[in-house]
Amino acid sequence: MNQFVLADCTTESGALSQLGQNAGKGAVVKAGGVDLLDLMKNGVATPTRLVNIRNISGMRGIHETPQGLNIGALTTLTEISEHPAIRAHYTILSDACGSAATPHIRNVATVGGNLLQQNRCWYFRSDDFACLKKGKDVCFAFDGLNQYHAIFDNGTCPSVAPSSAAVALLGLNASVELTSAKKGKRVVAIKDFYVQPDVNPMMRTVIAPDELLTAVIVPKPAAGMRSAYQKYGEKRSYDWAIADAGVVLEMDGNICKRATIVMGAASPVVRSSPKAEALLTGKPITEETARAAGKAAMEGAQPLSMNGYKVQLFPVAIYRTVLLAAGQMDRDPSAVG
Ligand SMILES: Cc1cc2nc3c(=O)[nH]c(=O)nc-3n(C[C@H](O)[C@H](O)[C@H](O)COP(=O)(O)OP(=O)(O)OC[C@H]3O[C@@H](n4cnc5c(N)ncnc54)[C@H](O)[C@@H]3O)c2cc1C
């Protein structure tokens, strides 16, 4: 690991001023440190200054507002998954945060860091491989081991979106609040937050080097909203998803007025499926419509040499999660997390 200066901050303004003065000079934010320290230990991230925000109490906590929820960026995944109002009204979010990683990691990992963690690709995460995401011009996954990689939008860099929280927050049409010392606050919808690799493989999100992600804003649940999240993986715990599905339904009786279907670990940027959503809209939720939605979500998939199984796994994940959201099926015992 390289040498660095540790700037321990206890206020948001202190951290913003550290970032304002040192942005572009190797300063990097550290929240829980779960992802960042992994990248540093592997020699993939080499910051010269760590701006430690973990002890800024003002950036932590879940506030219920007339508009919905305002969640401080330093709120942990455990705090979100166990919050009574989130469990009652935003099941997709409590289940996504409660399915990530392990209980120990969830006690440390923050929602801001979870949304900003780097994509999963073992070539990118090893300093033995100089790839597109490190500013070079080769992707080793295309001709290499690509069983965990993307099946959509994978023409440039097939690394996958890893954040379970992002699946839920895209489903809930949430936004992030970004703050800088110079420009103040701006709010960006999760759907506009991530950058596709064909735009710039090195730029994962639109956050600027002098900005902090200060809060997550979740709108009030619509009338009749029901939601669910399920994660599928190789291990029951201590691992990322190989496929995860988030579903939000706005129901009027048994008729679905509006559906949002989101997939994680399918593409470099967390992805919803308008085709699958359209198939459910205006219809009752049944095994048949849920199955059709799962199938439709795979339209346009382009699996790589070793990840064709995902084209079979996602429709099952979506089918089961739609029925779970509608209250027609119990949690899938083969889901993990
Ligand atoms: C074994 C294992 C299994 C895992 N499984 C899952 C899983 O199933 N689902 C899942 O979603 N995740 C999973 N994770 C990832 C883990 O949840 C994330 O690494 C963690 O949430 C990151 O949060 P953090 O607070 O530690 O972020 P950090 O590591 O501190 O930061 C991550 C990145 O975000 C930036 N950053 C952090 N906070 C801010 C902020 N407020 N403003 C600006 N920049 C910021 C940092 O500079 C860094 O680039 C797993 C991790 C491990 C080790």
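Which residues form one aromatic cluster? Tyr123, Phe129 and Phe140 do, where rings of Phe, Tyr and Trp (its six-membered ring) pair if their centres lie within 6.5 Å. This is a predicted model, so local features need pLDDT of at least 70 and side-chain atom pairs count only at pLDDT 80 or more, while totals for chains, interfaces and linings use all residues. Residues are numbered from 1 along each chain as its sequence is written, and side-chain values use heavy atoms, with hydrogens and water left out.

By the ring rule there are five aromatic pairs. In one of them, Trp122 and Tyr148 have ring centres 5.4 Å apart and planes at 65°, so the pair is edge-to-face (planes over 60 degrees apart; under 30 is stacked and the rest tilted). Both residues sit in the loop between helix 7 (111-116) and helix 8, so the pair ties together parts 26 residues apart in sequence; helices here are DSSP runs (H or I, at least four residues), numbered from the N terminus. Trp122 is partly exposed at 38% relative accessibility, and Tyr148 is partly exposed too, at 26% (buried means under 20% relative accessible area, exposed over 50%, partly exposed in between, with a 1.4 Å probe and protein chains only). Phe193 and Tyr194 also make an edge-to-face pair, 5.1 Å centre to centre with 70° between the planes, and both are buried.

Arg120 lies over the face of Trp240, 3.5 Å from the ring centre, and Arg271 over that of Phe152, at 3.8 Å (CZ of Arg or NZ of Lys within 6 Å of the ring centre and within 35 degrees of the ring normal).

Note on methods
Helix = DSSP H or I, 4+ residues; strand = E, 2+ residues; numbered from the N terminus.
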